[in-house]
Amino acid sequence: MLIDIVALKDIKKYLAGKAVHTLTYYDITFITEGEGRFVIGHQTYNAVSRDVFFRGREKSAAWEINCIKNGYALIFEDEFLSSFF
């Protein structure tokens, strides 16, 4: 799959607590409900409803799954980007 949209509430169960994970894809995340902290690499951002975050491939990332209730992530891979260039 080169591109997909996932609801944050659906992937919460795969992330334990504030688990840091490394992305193997790119993602644009739109927060729709809740507020908390979103960490990308070594930078921490306060996140509230209607915020948008871009996370690059191979970046470490974490978010407060108990505070950020929902949102959507558009995820895509290198092959998707290269199909346009």
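Colleague: Does Arg37 count as buried, partly exposed or exposed, and what is its relative accessibility?

Modeller: This is a predicted model, and in it Arg37 counts as partly exposed, at 39% relative accessibility.

Colleague: With which residue does Arg37 form a salt bridge, and where in the chain do the two partners lie?

Modeller: Side chains of opposite charge can pair when their charged atoms come close. Here the partner of Arg37 is Glu64, with the closest N and O atoms 2.8 Å apart. Glu64 sits in the loop between strand S7 (60-63) and strand S8 (68-76), while Arg37 belongs to strand S4 (residues 36-40), so that the pair links parts of the chain 27 residues apart. Glu64, at a relative accessible area of 11%, is buried because that value falls under the 20% cut-off.

Colleague: How many salt bridges does the structure hold, and is the pair of Asp27 and Arg55 buried or exposed?

Modeller: The structure holds four salt bridges. In the one between Asp27 and Arg55, the closest N and O atoms are 2.4 Å apart, and the pair links strand S3 to strand S6 across 28 residues. Asp27 counts as buried at 1% relative accessibility, and Arg55 is likewise buried, with a relative accessible area of 4%.

Colleague: Which residues form the nonpolar patch on the surface, and which elements give two or more residues to the patch?

Modeller: Ile28, Phe30, Val52 and Phe54 form this patch, with about 350 Å² of accessible area together. The elements that each contribute two or more of these residues are strand S3 (26-34) and strand S6 (52-55). Ile28, which is placed in strand S3, is partly exposed, with a relative accessible area of 33%.

Definitions and conventions:
Residues are numbered from 1 along each chain as its sequence is written. This is a predicted model: local features need pLDDT of at least 70, side-chain atom pairs count only at pLDDT 80 or more; totals for chains, interfaces and linings use all residues. Side-chain values use heavy atoms; hydrogens and water are left out. Patches are made of residues with over 30% relative accessible area and no salt bridge: like charges are joined within 9 Å, nonpolar side chains (Val, Leu, Ile, Met, Phe, Trp, Tyr) within 5 Å. Accessible areas come from the Shrake-Rupley method with a 1.4 Å probe; for residues, only the protein chains shown count as cover. A salt bridge is a side-chain nitrogen of Lys or Arg within 4 Å of a carboxyl oxygen of Asp or Glu. Helices (H or I, at least four residues) and strands (E, at least two) are DSSP runs, numbered from the N terminus. Buried means under 20% relative accessible area, exposed over 50%, partly exposed in between (1.4 Å probe, protein chains only).
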